[in-house]
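Me: Could you help me understand how the labels used for a protein structure are worked out?

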Amino acid sequence: MAFYELRQYTVRPGKMEQWLELMEGSIIPFQVAQGMVICGSFRGETDDSVYVWLRRFESEAQREALYAAVYESDTWKNEIAPQVGDVIDREEIKVQRIVPTSRSTVQ
């Protein structure tokens, strides 16, 4: 069964627009090009420190392969990762694996 990864980030004060530009202009397109399925990207409606996104995996083997393709790549290590710590608090990252319930519309 497919599972999802709910990722919650704390954006540094005054950095939401910069973070969205990085996510939507670089991170999401790069990850999708590597095969990641990004189901949603969200910001807090009234709290500019809140950013949440959702990724879908068909299996643990697929997740491991996609993690390697993304996070072990030169593009990630040299171009994208160095920018991330400037706009989000890496120590506050929360990642939760979730699975759809039987009545969920996303299976």
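Predicted model: local features only at pLDDT ≥ 70, side-chain atom pairs only at ≥ 80, totals over all residues.

Me: How do you know that the length of helix H3 agrees with what a helix should span?

Reply: Helix H3 covers residues 74–87, which is 14 residues. At 1.5 Å a residue they should span 20 Å, and the end C-alpha atoms are 21 Å apart, so the two values agree. H3 also has a bend of about 45° at Ile80, with the proline Pro82 following within four residues.

Me: Which residues of H3 are buried, and what covers them?

Reply: Trp76, Ile80, Ala81, Val84 and Val87 are the buried ones. Their cover includes strand E1, helix H1 and helix H2.

Me: Why is Tyr67 called partly exposed?

Reply: Partly exposed lies between under 20% (buried) and over 50% (exposed). Tyr67 has a relative accessible area of 21%, so it is partly exposed. Tyr71, at 23%, is therefore partly exposed too.

Me: What makes Arg63 count as sitting over the ring of Tyr67?

Reply: The distance part of the rule asks for within 6 Å of the ring centre. The charged end of Arg63 is 4.4 Å from the centre of the Tyr67 ring and sits over that ring.

Methods. Residues numbered from 1 in each chain as written. Heavy atoms only, no water. Helix = DSSP H or I, 4+ residues; strand = E, 2+ residues; numbered from the N terminus. Expected span 1.5 Å × (residues − 1). Bend = angle between axes of the 7 residues up to and from the residue. Buried < 20%, exposed > 50% of the residue type's maximum accessible area, 1.4 Å probe, protein only. Contact = heavy atoms within 4.5 Å. Lys NZ or Arg CZ within 6 Å of the ring centre and 35° of its normal.
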